Amino acid sequence: MLALASGACAEPTSTPPPSAELVAFVDTNPATDIVEVELVAEPATHEFLLGKPAEVWAFRDAAAEDSLATIPGPLLEAKLGDRVIVHFENRLPEGTTIHWHGLRVPNAADGTPVSQMIVPPGGRYDYEFVVVDAGMYWYHPHVNGDVQVERGLYAPIVIHGGVEPDVAADRVFVLDDVKVEADGALSTVTQFLDIMLGRQGNVVLVNGVANPTITSAAGSRERWRFVNAANGRYFNLELPEDRRFLVIGWDGGLLPEPYETQTLLIVPGERYDVLVELDAEPGDELALRTIFYDRGHDIPDTGPRDIVTITIDGEGPTPAALPESWAEVTEIPFDANTPRRAFVLREVEAEGDEAEPTFTINDEAYPDSTPIFGSPGDIEIWEIDNQSEMDHPFHLHGMSFQVLDAAGASVPRLGWKDTLNVPQDQTMRFVVQFGGEGNWMYHCHILEHAERGMMGELMIE
Ligand code: C2O
Ligand code: CU
Ligand code: CU
């Protein structure tokens, strides 16, 4: 890697443009229905600013020859029904775990400190599960999460299966941002707002790169899968000139009925699977950008920000007709007698100069909180009542749910979610059917909030 000693040196003109290509794991198992990989978490360097390497923590595929740790980490790809075996080794200076966000895995593979022993430095843990849902997921540590994920430990998962629309390209965009000093290093200063809003960076990243360029064919249709891996940034995506996103999937896989939207809000932890039609001329350049979204606490509108540059090159194939039917999603049945559970989200200002704010669920700050209990197959309605001045993305481990309210929009849509934005001063409800036995966490996915109390435990037994 290129290491320039000081900012005084001119950047070499020969530096290749940063690439947003993701690298998939080497599958070490010849069986066609087993994906077996070797994952290491370790200190590494990454250039958020060109020519100015930062010290980061990152994932590496230990089975790939001469592999380097990358941000994001290696893409985990499998198909519906595959058995996935991940041999994990922790080479970080502190303990960690790996959580498979959104995948319905057995509790022992969920990768939280309530479902396994924390993997100490130098330690190993084998994760094993069968994939039961197609779609886009991601993996990240679940110990000291606001720090470990921010330093670069996150990576996408794509599970293939089900309806596959005809597209010219199928792309994964992992969204993040980092707070970087002038010398390229990750900032270690944590200010009040970094905690309040979740750390928002000055450099926005797509697949680890600031404003990467992709090349697309004129008139073609592409599939873009997004995951927001940022600690706190809300992405509100838009394409120029009224181009729309056709949303075909959410967190837990394809929707029964796709819908169009002009802006696509993606909160921390969420995933969206969309189709875009690139009607433009060869030679055109389009910017995918993120625009202001009022997430609370009077944050100012800092204007739109380009996050991906799309270069249109050559004529593409005319898109084929879209599939007539998409996913089958069975509605979880409920009625007036279905048990309801209320969760009140609050922010508690710190008293005293040095103290940090806490974030509570039902006025308790995890780990000093009361677990809730249920049995496999139970159906409940959860009401998340946000009594704070900012939005919180609520995430539940181990099972997906169906949302019963549509914040701002007209009607709730049917589909599977595991991460749901609960706007400031609003209540959002969802219906959930409990999955397998074990201790499952639920929490705000602004990781600074989760690590400061806004987390809880659901014990299914
Ligand atoms: Cu992606 Cu418990 O989180
Ligand atoms: Cu999760
Ligand atoms: Cu929060």
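Colleague: Which residues coordinate the copper ion (ligand 3)?
Modeller: This is a predicted model, in which local features need pLDDT of at least 70 and side-chain atom pairs count only at pLDDT 80 or more, while totals for chains, interfaces and linings use all residues. Donors are N, O and S atoms within 2.8 Å of the metal (3.2 Å for Na, K and Ca), and water is not among the atoms, so sites may look incomplete. At 2.0 to 2.1 Å, the residues that coordinate the copper ion (ligand 3) are His392 (ND1), Cys444 (SG) and His449 (ND1).

Colleague: How many residues apart in sequence are the parts that His392 and His449 tie together?
Modeller: The donor residues of the copper ion (ligand 3) follow the spacing H-x51-C-x4-H. His392 lies in strand β25 (residues 392-396) and His449 in helix α3 (residues 447-450), so the two tie together parts whose separation in residues is 57. Helices (H or I, at least four residues) and strands (E, at least two) are DSSP runs, numbered from the N terminus. The separation is thus 57.

Colleague: Are His392 and His449 buried or exposed?
Modeller: Buried means under 20% relative accessible area, exposed over 50%, and partly exposed in between (1.4 Å probe, protein chains only). By that rule, both His392 and His449 are buried.

Colleague: What are the protein donors of the copper ion (ligand 2)?
Modeller: Residues are numbered from 1 along each chain as its sequence is written, chains are lettered from A and ligands numbered from 1 in the order in which they are written, and side-chain values use heavy atoms, with hydrogens and water left out. Two histidines lie 1.8 to 1.9 Å from the ion, namely His99 (NE2) and His395 (NE2). They link distant parts of the chain, 296 residues apart, with His99 in strand β5 (residues 98-101) and His395 in strand β25. Both are buried, and the donors asked for are His99 and His395.

Colleague: Which residues does His140 touch, not counting residues up to four places away in sequence?
Modeller: His140 belongs to strand β7 (residues 135-141) and counts as buried, at 1% relative accessibility. Contact means heavy atoms within 4.5 Å. With residues up to four places away not counted, His140 touches Thr97, Ile98, His99, His101, Val149, Leu153, Tyr154 and His445.

Colleague: Why does the pair of Phe343 and Trp382 count as tilted?
Modeller: Rings of Phe, Tyr and Trp (its six-membered ring) pair if their centres lie within 6.5 Å; planes under 30 degrees apart count as stacked, over 60 as edge-to-face and the rest as tilted. The count by this rule is 21 aromatic pairs. For Phe343 and Trp382 the centres are 4.5 Å apart, and the pair is tilted because the planes stand at 40°.

Colleague: In which strands do Phe343 and Trp382 lie?
Modeller: Both residues are buried. The pair ties together parts that are 39 residues apart in sequence, because Phe343 lies in strand β21 (residues 340-348) and Trp382 in strand β24 (residues 379-386).

Colleague: Over the ring of which residue does the charged end of Arg413 sit?
Modeller: A charge sits over a ring if NZ of Lys or CZ of Arg is within 6 Å of the ring centre and within 35 degrees of the ring normal. Arg151 lies over the face of Trp57, 4.3 Å from the ring centre. The charged end of Arg413, at 3.8 Å from the ring centre, sits over Tyr259.

Colleague: What is the omega of the cis peptide bond that joins Ile71 and Pro72?
Modeller: Most residues other than glycine have a negative phi, and most peptide bonds are trans. Pro72 is in the loop between β2 (52-61) and β3 (76-79). The bond joining Ile71 and Pro72 is cis, and its omega is about -10°.

Colleague: What is the phi of Asn207, which is not a glycine?
Modeller: Asn207 lies in the loop between β10 (203-206) and β11 (209-210). Its relative accessible area is 6%, so Asn207 is buried. The phi of Asn207 is positive, at about 55°.

Colleague: What is the relative accessible area of Asp298?
Modeller: Asp298, in the loop between β19 (285-290) and β20 (305-315), also has a positive phi, near 50°. Asp298 is exposed, because its relative accessible area is 74%.
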